[in-house]
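Subject: Structure handover

Hello,

Here is the structure for your files. My notes on what was found follow below it.

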Amino acid sequence: MGVYVLRRLFVAALTVATVSFAAFVGFGLSFDPAYPLVGNLRAHAFVEAYYHLNDPILSRYWRWLTGFVQHGFGRTVSVEVEGTVPPRFRSPGTPIGPQLWQAAAITLQLVGSALVLVIAGSAVVGAIAAQRRRFRLDVSTRVIAYLAAAIPTFLIGDLMLRLIVPHETFALVGGRITALGGGWWLLVGQPTGGFVDWIRHMTLPVVALAIGLIGLYSRYVRSSMVVALGQPYVTVARAKGLPERRVVIRHALRNSLIPFTSLLSLEVGGVIGASLAADAVFNTGGLASMFLTSLNKGDPFELTALFVTTAAVVSVFAFLGDALVGLLDPRIRETR
């Protein structure tokens, strides 16, 4: 098991390093963070020289990499330059790390909570549909699963936002504009602290992300369950007089979860991509919200930090998926 874990950690580290190089080169060649100063040539040249924006891209990446080892992600590019001779910054850029860690933590919570619902929901829906195949329950469950899988996450979130969360109305009261309505227990926005507040803010995005994924992956569980229920070990378990519930859960469902978990770990990048859509719709303050702000500024350092963090999040969940598969099927640890 130790060699298996070390091998997966090495692959994850190599993936993150490759993403950091590709992201830095791509953003460094495509964006000019000093573009707000194009009307002031002296200030524009000062920002370019200070951040080495005209240096060869490989030299810039090596400087960024060594700086990351020593100081982390550093600060954003500042374009607030005073018109002195020589020019100087009115204020430095903001630190990237604290805001990035907070956004990554929210995305991790969103994805982790949604994956718990996805695994549980897909197992329940797939197992019920496999046991009742060709009956009305199976047909209706499959139709709902197909519809949920066909609707994009951002559309599911937008529909939930419109149907569940009441919109505030405004009225002129005593010469002041006052918000009326609201009062719904579930809220939209970034959680501010405490478990109850987290539940109120994160329930809708977690459910919106999980609905489509349950519709997608429950079909795989159903197909695996149909195959597993016809295997000889299930027949032997039934012949021994084991309760049907134990046969289904202990034998058929456990073996059906192995290909399902492998598939989910391979597609965890798509799951995190869908979580960015949910984050943007519900404005939870995750990586998507930070990415839109960074893209508007064209800051290659902040964008690179975002992509490196996203790659690290994907690698963490992929590693957890591989570890779970190894626990479900010990044979995989010996063959991989």
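What volume does the second largest pocket have? The answer is about 240 Å³. Fifteen residues line this pocket, and Val11, Ser315, Ala318, Phe319 and Asp322 are the closest to its centre. Helix H12 (300–328) gives the largest share of that lining, six residues. Helix H1 (2–30) and helix H9 (244–266) each supply at least two residues as well. Sorted by class, the lining of the second largest pocket holds eight nonpolar, four polar and three charged residues.

Please keep in mind that this is a predicted model, and that the values here are computed from it.

The largest pocket

In the lining of the largest pocket, nine residues are nonpolar, eight are polar and three are charged.

Salt bridges

- Glu82 pairs with Arg88, and their closest N and O atoms are 2.8 Å apart. Glu82 is partly exposed, with a relative accessible area of 24%, whereas Arg88 is exposed, at 51%.
- Asp158 pairs with Arg162, the closest N and O atoms lying 2.9 Å apart. Because the two residues are four apart in helix H6 (residues 153–163), about one helical turn separates Asp158 from Arg162. Asp158 counts as partly exposed at 25% relative accessibility, while Arg162 is exposed at 55%.

The chain as a whole

The chain has 336 residues, of which 41% are buried. Its secondary structure amounts to 13 helices and four strands. Of the contacts between residues at least 6 apart in sequence, 69% connect residues at least 24 apart. The accessible surface is about 18300 Å², and carbon and sulfur atoms account for 66% of that area.

Regards

Terms used
Residues are numbered from 1 along each chain as its sequence is written. This is a predicted model: local features need pLDDT of at least 70, side-chain atom pairs count only at pLDDT 80 or more; totals for chains, interfaces and linings use all residues. Side-chain values use heavy atoms; hydrogens and water are left out. Buried means under 20% relative accessible area, exposed over 50%, partly exposed in between (1.4 Å probe, protein chains only). Contact means heavy atoms within 4.5 Å. Accessible areas come from the Shrake-Rupley method with a 1.4 Å probe; for residues, only the protein chains shown count as cover. Ala, Val, Leu, Ile, Met, Phe, Trp, Tyr, Cys and Pro count as nonpolar, Asp, Glu, Lys and Arg as charged, and the others, Gly among them, as polar. On a 1 Å grid over the protein atoms alone, a cavity is a set of points where a 1.4 Å probe fits but cannot get out, and a pocket is an open set with protein on both sides within 12 Å along at least five of seven lines; lining residues have an atom within 4 Å of a point. Grid points are joined across faces, edges and corners, and a volume is the space filled by probe spheres set on the points. A salt bridge is a side-chain nitrogen of Lys or Arg within 4 Å of a carboxyl oxygen of Asp or Glu.
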